[in-house]
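Dear colleague,

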Amino acid sequence: MSGLTASYINWKMAAEGTTAATKAIILDFINTAPNAAAIAGIEPSEGPVVDEPGVGYGDQVRDYDIGITVAQQIISKRSSLGGFTNLTQLSNIKGFGQDKFNDLLYSFSKTVHEISAIQFNFNSSTITNDALNVRKNYSTPSPSPSWSKGVSHTFADSPVAYAIKETQGKPLGIRVSLKANGLSAAFVRAIGDGCLGSVNEQLVTFDSDGNSGFQTFYLQNPTFHANGVNAYNISLRWQWRYLPTDPWREIVTTKHRLFVVLESPTLPWVQTVGSTSLPWTDALEIACKWASGAIDKVTAATRITERYNGCGRVSYDTISGATMYGWASYNFTQMINRLNGGPGLGEKVNCTDSANTVSTLANLLGCDLWQSRMEANFDLNPVIAIGYNVWEVPFGSGFSYHEVPWTGACTEVDHIYDGCLKVEGDADPTSAPHVPLLPTNMLFGECVTMNYRLRLCPPTPTGCARCHAQPGTKKRRPII
Amino acid sequence: MEEWAANTTVGRHIFNYNYRMTDTTLRDWELVNVVEAENEPGLTEKIYIWEKTGSRGKTLVRIGISEHNDWRLAQAQLQSHLMHSTRPNIPREFGKLAEIGDVIFACQPRDAKVVAAAFFTRGNVTVTVSSVGETVIDISNIVSMLDRALSETPSTQEIKKGLAEELAPRSFEAMKGETVKVIDKLPEPVARSGWIKIIAPDGELRREEDSVVYVSSQAGEKKVGQYWIVH
């Protein structure tokens, strides 16, 4: 049988004085490698297993470390055993000979072998030099720290959010905790594959147990500020070296889900630690996708309005116009469920539900919208209600009230975004032909100039004249 | 609301506590979502989303149930529901559902003669039932079933079958206007065990902290029925 014998392995470790810590690190490495490539490394970079330069076959100073074929053999044996419990189990693996075992011992006897944790948000009271405080949703906090060994496996397991305005031009720090074996210090960096940039090289010190504690690194050349609102999957490829002249060696590649918003989220969202109204990453998934690429608040709110109106998951309650998702507080949890394909609280919504959804998502990106009403009992022009494609006057007459996302003081001179219905876009909204126009950033207006109010209501005593802005009703409903 | 109150007779002396729907309450329907939301401080509404079996999400009914300390508060909540509906002048129901609840409002779609949304109270409970799927349906049967569950005295047959249990009734002499405690302490709500229904011969029932009290409208001997309804 090819490969090493168990007795050789025991002898070699005794001869090298291999410590229990080194054995444990090697076992952890070969047991947790997700695939053969994680053992063989990324060519032409060295590591994670490197060649001991003074020992080996051939006349090369550096000859082969563990390649992909042998790495696969190791993975196969691991599968058959259900996991390695002792390094002697590396015996009888085809292609895994003395040189490669020697390289394995060499690589991990003096190494930075672990990224233990990463904090992107380490200062909960500021957002200028680090990430936002976030949580997953109403009932589930975000992981803290953002990334942890053994816990964070997918991109979604490690959420991170930054606000463009507050971080533009500022140094962005992250705090990283590492483990080493046989080293008191080493240089560490990370190569990023996207707009978060890389992590600058830093000298890290380790205590006698090999722990670094949390040490501060800085992001190098992040580019997300230029791309506006977005969500990204980001990988950071962590590396170390002992001397500045040594080649870099691999530690691990960590995965993160990056959300970028325009500014610090406004109410109902807060940055208060422990609050259920910290920005929800479940909501950021929707908001960042719908407003992707927006670089200003008007564009962001417009895109949210457009995408909500066209989402195909809700339609207007043409029977009673009832508020289905809550009016004292807004059941955003159930609306997210609905938007993501679940039942939620049903397909039917009214203007209050729509205003809540659009404003809550837009404010998550840093927009500054309110939910506010216009009243009362006013006639309407034909409109296209959300989820439909026909022109009709709702309920055959009009609305008892209407509620929309509204800017500023929510008065006639402020602007509205209405994701609930399309109004007539031409010069005569009262009659056909009709040109659909989704109201975004539209002046509410009076009853003389063609703005939102005259597009929504006919210019009659029972139409526009009854449709008054009610700024006293403006609010930002708490979310549940 | 004063008109509603003036016309409320039966509901004044009916009290339900911890009414819940279970996944077998509606035959041929699947309970796909249950949400308890505290929409206002101290007020929990239970919302049930039912999907017609085989409809693939196109036929959905939303049922909202909120319990209050007394029938007046239930009617106040009903008014809140109506005030947060954009349809002007949601009509009082005077058709086939006119006898439902203490006060009932119902809506039909423009192109069909079916009741597709209803808002009513029965005693201390406010109920909303709405067709909320792509396919609009008649919810009359569901509304009727809910009102019967909240208002009718369990039949002898139901008691024999174990679907209801008559708790020791309270029988006593009462003066007009006298307040009598009929339940000293309501049990903690338990999700699936059942609910309590109290029916008095007259007067009013209301909750005061964890007790239920009866206020007699006439002097005489009174028997207040208390029932444990199994889900």
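The notes below begin with confidence and then turn to the cysteines.

Please bear in mind that this is a predicted model, for which the predictor gives the complex an ipTM of 0.91 and a pTM of 0.91. For chain B, the mean pLDDT is 88, with 97% of the residues reaching 70 or more.

Over all chains, the structure holds 1 disulfide, and the two residues that it joins are C447(A) and C464(A), with 2.0 Å from S to S. The link of C447(A) and C464(A) is left-handed, with -95° about the S-S bond. Because C447(A) sits in the loop between β18 (442-443) and α11 (452-456) of chain A, while C464(A) sits in the loop between α11 and β19 (468-475) of that chain, the pair ties together parts that are 17 residues apart in sequence.

C311(A) is in no disulfide, and the nearest cysteine sulfur, which belongs to C420(A), is 12 Å away; at 22% relative accessibility, C311(A) counts as partly exposed. For C457(A), the closest cysteine sulfur is that of C467(A), and because the two sulfurs are 3.9 Å apart, they are too far from each other for a bond. C457(A) has 0% relative accessibility and therefore counts as buried.

With kind regards

Technical notes. Residues are numbered from 1 along each chain as its sequence is written. Chains are lettered from A and ligands numbered from 1 in the order in which they are written. This is a predicted model: local features need pLDDT of at least 70, side-chain atom pairs count only at pLDDT 80 or more; totals for chains, interfaces and linings use all residues. Side-chain values use heavy atoms; hydrogens and water are left out. pLDDT is the predictor's confidence in each residue, from 0 to 100. A disulfide is a pair of cysteine sulfur atoms within 2.5 Å. Helices (H or I, at least four residues) and strands (E, at least two) are DSSP runs, numbered from the N terminus. Buried means under 20% relative accessible area, exposed over 50%, partly exposed in between (1.4 Å probe, protein chains only).
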